[in-house]
Amino acid sequence: MTLKIKVYSDFICPFCFLGKGPLDEIVKEKDVEVEWMPFELRRSPQPKIDPWQEPDKLSSWDSYILPTAKKLGIEMRLPRLSPHPYTHLAFEGCQFAKERGKGNEFHHRVFTAFFQEEQNIEDVEVLTNLAGDVGLPMEEFKEALESRQYSEAHQAALQHAYEEARINAVPTFVIGNEVVKGMASKERLAAIIDRELAKV
C-alpha cells in the first residue's frame, strides 16, 4: 500500500524549499504519495516578511541557506521582491490545481517561480501563467482567483493546520504516525518512510 505523507509549508519559506529537495528524490524511489498542505507564515493584515531589511535574516541566507542549497544541488536565490508576497492567492491556486489532479505540479511550479526566478507569486497574472505552465486552464484559473472561489477551502485548510494538526513550524512532515519538524536529510526521511511502510 502507498504511504501518505503530508507536508506543511509556505512558499516564502526558504527552509521549506530546501526540505522539498530530499523529499522529491525519495518520491521517485518509494511507494509514497505526498500532499502539500498550506501554512502562511504571515497572513494579511500582519506586516509582510522583508528579509532585505532584516540583517539577521540576510546573514542566515549567506551562512546557512545558500551553502545548504549548494550542498543539496538545489538552485536557489533570495528573491529581490521587497517585502516578500503574501501567499494566500498561491494557495487558493493550489486548491484549484488539486481538484484537477495537478496540485503537486502547481505547488512545485510556484516554489521554483519564487526561489529560482524571483517572480511575484502574489500577482494573479503571474500565478495564471504558472498554472498554464503545468497544463491548467488559464482563463478558468484566473477567474477562480479573482472571484476568490477557493478562499473558503484555503481558510479551512489553514484552520486544520493551526488548530487540528497544531503546526507551529514549517516545514513539518507528517509521515504515517511520525512527525518531523524542520528540514531533514534524505537519509533521515527515507529511514522514517521505510519504518512506516513496514507497518502499512
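Q: Which residue in β3 is the bridge partner of Y8?
A: This is a predicted model. Strand β1 covers residues 3-9 and strand β3 covers residues 172-175. The two run antiparallel and are joined by four bridges. In β3, Y8 has as its bridge partner T172.

Q: Which residue in β4 is the bridge partner of V174?
A: Strand β4 spans residues 178-181. β3 pairs with β4 in the antiparallel sense, over four bridges. The partner of V174 in β4 is V179.

Q: Which residue in the turn between β3 and β4 has a positive phi?
A: β3 and β4 form a hairpin. Two residues lie between the strands. The turn residue with a positive phi, about 60°, is G176.

Q: What is the order of the strands in the open sheet?
A: The sheet has four strands and mixed pairing. β2 (32-38) and β4 each have a single partner strand, so they stand at the edges, and one side of each is left without a neighbour in the sheet. The order is β2-β1-β3-β4.

Q: Which helix packs on the sheet, touching β1, β2 and β3?
A: From one strand of the sheet to the next, the twist averages 20°. The helix packed on this sheet has a direction that makes about 160° with that of β2. That helix is α1.

Q: Is the crossing of α5 and α6 left-handed or right-handed?
A: Helix α5 runs over residues 124-133 and helix α6 over residues 138-146. Their axes come within 9 Å, crossing at roughly 145°. The crossing is right-handed.

Q: Is T68 buried or exposed?
A: T68 lies in helix α2 (residues 55-72). Its side chain reaches the backbone oxygen of Y64 at 2.7 Å. T68 also touches L18 and M183, leaving aside residues up to four places away in sequence. The relative accessibility of T68 is 12%, under the 20% cut-off, so T68 is buried.

Q: Where is P83 found?
A: The peptide bond from S82 to P83 is cis. Its omega is near -5°. P83 is found in the loop between α2 and α3 (88-99).

Q: What is the omega of the cis peptide bond that joins V170 and P171?
A: P171 has its place in the loop between α7 (151-164) and β3. The bond joining V170 and P171 is cis. Its omega is about 0°.

Q: Is E118 buried or exposed?
A: E118 is found in the loop between α4 and α5. It is not a glycine, although its phi is positive, about 60°. Its relative accessibility is 16%, so E118 counts as buried.

Methods: Residues numbered from 1 in each chain as written. Predicted model: local features only at pLDDT ≥ 70, side-chain atom pairs only at ≥ 80, totals over all residues. Heavy atoms only, no water. Pairing = 2+ DSSP bridges. Buried < 20%, exposed > 50% of the residue type's maximum accessible area, 1.4 Å probe, protein only. Polar contact = N/O pair within 3.5 Å; in protein donor to acceptor, adjacent residues only side chain to side chain. Contact = heavy atoms within 4.5 Å. Axes fitted to C-alpha atoms, helices over the stretch in contact; angles between N-to-C directions. Left-handed = near helix turned anticlockwise from the far one by under 90°.
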